[in-house]
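Me: I'm new to reading protein structures. Could you walk me through this one with a few questions and answers?

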Amino acid sequence: MSRKDYIFTSESVSEGHPDKVCDRISDAILDAFLTQEPMARVACETFATTNQVVVGGEVGLSDPVLLDEYMGRIEGIVRDCVKDIGYEQDKFHWNTLNVLNLLHPQSAHISQGVDRDGAGDQGIMFGHAINETDALMPAPIHYSHAILRRLAEARKSGAEPTLGPDAKSQLSLRYENGKPVEVTSLVLSTQHLHEHQTSDDIRGIIEPYIREVLPAGWLTDKTEWWVNPTGTFVIGGPDGDAGLTGRKIIVDTYGGAAPHGGGAFSGKDPTKVDRSAAYAARYLAKNVVAAGLAERCTIQISYAIGVAKPLSVYVDTYGTGSVDPAAIEAAIPRVMDLSPRGIREHLELNRPIYARTAAYGHFGRAPEADGGFSWERTDLAKALAAAL
């Protein structure tokens with residue numbers, strides 16, 4: 001029997017967090033290559049520090065001449081990302097930072113297996129869904145993202161010009177009978193532009209936005225607020241702390257409320273099952289819950305490099321299901337092809353839709369008209385129910 005009364009905590013980071021700056025750059029480079037060629041191969045890593053961005057990894061286009069041309073566009077992509085995020089600090093400015101491009105053509109030994117429709121690597125991927133929010137996401141991570149996204153909107157609109165791009169949030173939620181009912185503590189650290197601004201000053205700025213985002217009644221007289229608890233936070237972003245692609249995988253997924261297979265997402269084209277199969281697992285888990293087959297669901301899928309068929313599919317409904325999890329496992333291959341090609345085609349992943357995923361979570365977002373966040377659709381719910 002799972003616990004019903006407990007406190008659970010998740011955190012999020014803003015688009016200006018050093019690691020998220022790197023995720024954004026890697027995914028923007030991926031989008032640029034996919035715009036040119038839907039089957040472009042990209043495995044891009046980014047490192048950022050004071051006044052410096054280093055990009056490296058493997059890329060591939062069918063036309064070598066065009067590949068050389070796109071290599072020349074990398075610096076502009078980096079600067080555009082940093083400018084959009086909002087960095088114009090003395091030691092990290094979009095117009096003056098140094099960009100080092102170390103990208104090179106994809107290894108033929110990797111591409112040979114993928115070209116036969118096999119997985120780009122071995123690995124295990126997880127998807128999760130739970131009915132405690134409308135987005136079928138765990139509440140702590142869902143609202144941690146929502147707070148930072150709202151503050152970023154206020155900053156970029158000019159409504160709060162003294163806020164900086166770098167920020168982190170953390171919510172501890174008290175659960176009663178298995179449902180979130182109260183914020184026991186809230187941590188919000190945000191970069192600000194003026195040395196004289198105190199923690200109380202920053203709380204005065206951000207508290208109305210937080211109250212706007214959180215459900216009514218969750219903030220109480222007992223809620224502990226920790227706003228910029230160290231005091232001053234003026235130096236932020238890669239000038240304050242180095243950043244690297246793929247270091248915020250728990251922020252990207254379920255905030256620790258569900259397992260993660262270990263593979264990062266950003267900078268990887270959809271032939272990489274680290275990304276595409278994790279999206280497929282979320283899609284399937286969400287549709288299981290949307291179909292009313294369970295209140296909570298976790299799905300694991302495993303692969304071997306160069307092999308198209310998944311090695312295993314595992315379903316856990318934590319005792320909340322209306323059917324046997326083994327029956328769901330048997331139904332899944334009947335409603336969706338889980339080969340790497342099948343996933344890409346079903347979710348239409350060979351599109352430039354990835355830069356927007358780099359901050360505020362890859363899951364729990366609304367599906368978009370151009371195919372963005374297609375894995376958040378619940379269009380498979382009826383087919384799953386019928387297969388059972």
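Predicted model: local features only at pLDDT ≥ 70, side-chain atom pairs only at ≥ 80, totals over all residues.

Me: Is the pair of phenylalanine 265 and phenylalanine 363 stacked or edge-to-face?

Reply: Look at the angle between the two ring planes, which is 70°, with 6.0 Å from centre to centre. Planes over 60 degrees apart count as edge-to-face. So the pair of phenylalanine 265 and phenylalanine 363 is edge-to-face.

Me: How many residues apart are phenylalanine 265 and phenylalanine 363?

Reply: Phenylalanine 265 sits in the loop between helix H8 (249–252) and H9. Phenylalanine 363 sits in the loop between H11 and helix H12 (381–387). The pair therefore links distant parts of the chain, and the two residues are 98 residues apart.

Me: Is phenylalanine 363 buried or exposed?

Reply: Buried means under 20% relative accessible area. Phenylalanine 363 has 2% relative accessibility, so phenylalanine 363 counts as buried.

Me: What is the angle between the planes of tyrosine 279 and phenylalanine 363?

Reply: Tyrosine 279 lies in helix H9, 84 residues apart from phenylalanine 363. Tyrosine 279 is buried, with a relative accessible area of 0%. Its ring and that of phenylalanine 363 form an edge-to-face pair, 5.9 Å centre to centre, and the angle between the planes is 85°.

Me: Are H9 and H11 parallel or oblique to each other?

Reply: The axes of helix H9 (residues 273–290) and helix H11 (residues 340–347) come within 10 Å and cross at roughly 60°. Because of that angle, H9 is oblique to H11.

Me: Which residues of H11 make the contact with H9?

Reply: H9 passes H11 in a left-handed crossing. On the H9 side, the contact is made by Val273, Ser276, Ala277, Tyr279, Ala280 and Tyr283. By class, the contact has eight nonpolar, two polar and no charged residues. The partners in H11 are Pro340, Ile343, His346 and Leu347.

Me: How many polar residues are in the contact of H1 with H2?

Reply: The axes of helix H1 (residues 18–36) and helix H2 (residues 64–71) come within 12 Å and cross at roughly 145°. In this contact, Ala32, Phe33 and Gln36 of H1 meet Leu66, Leu67 and Tyr70 of H2. Five of the residues are nonpolar and none is charged, and the number of polar residues is one.

Note on methods:
Residues numbered from 1 in each chain as written. Heavy atoms only, no water. Axes fitted to C-alpha atoms, helices over the stretch in contact; angles between N-to-C directions. Helix = DSSP H or I, 4+ residues; strand = E, 2+ residues; numbered from the N terminus. Parallel < 35°, antiparallel > 145°, perpendicular 65-115°, else oblique. Left-handed = near helix turned anticlockwise from the far one by under 90°. Contact = heavy atoms within 4.5 Å. Nonpolar A, V, L, I, M, F, W, Y, C, P; charged D, E, K, R; others polar. Phe/Tyr/Trp six-rings, centres within 6.5 Å; stacked < 30°, edge-to-face > 60°. Buried < 20%, exposed > 50% of the residue type's maximum accessible area, 1.4 Å probe, protein only.
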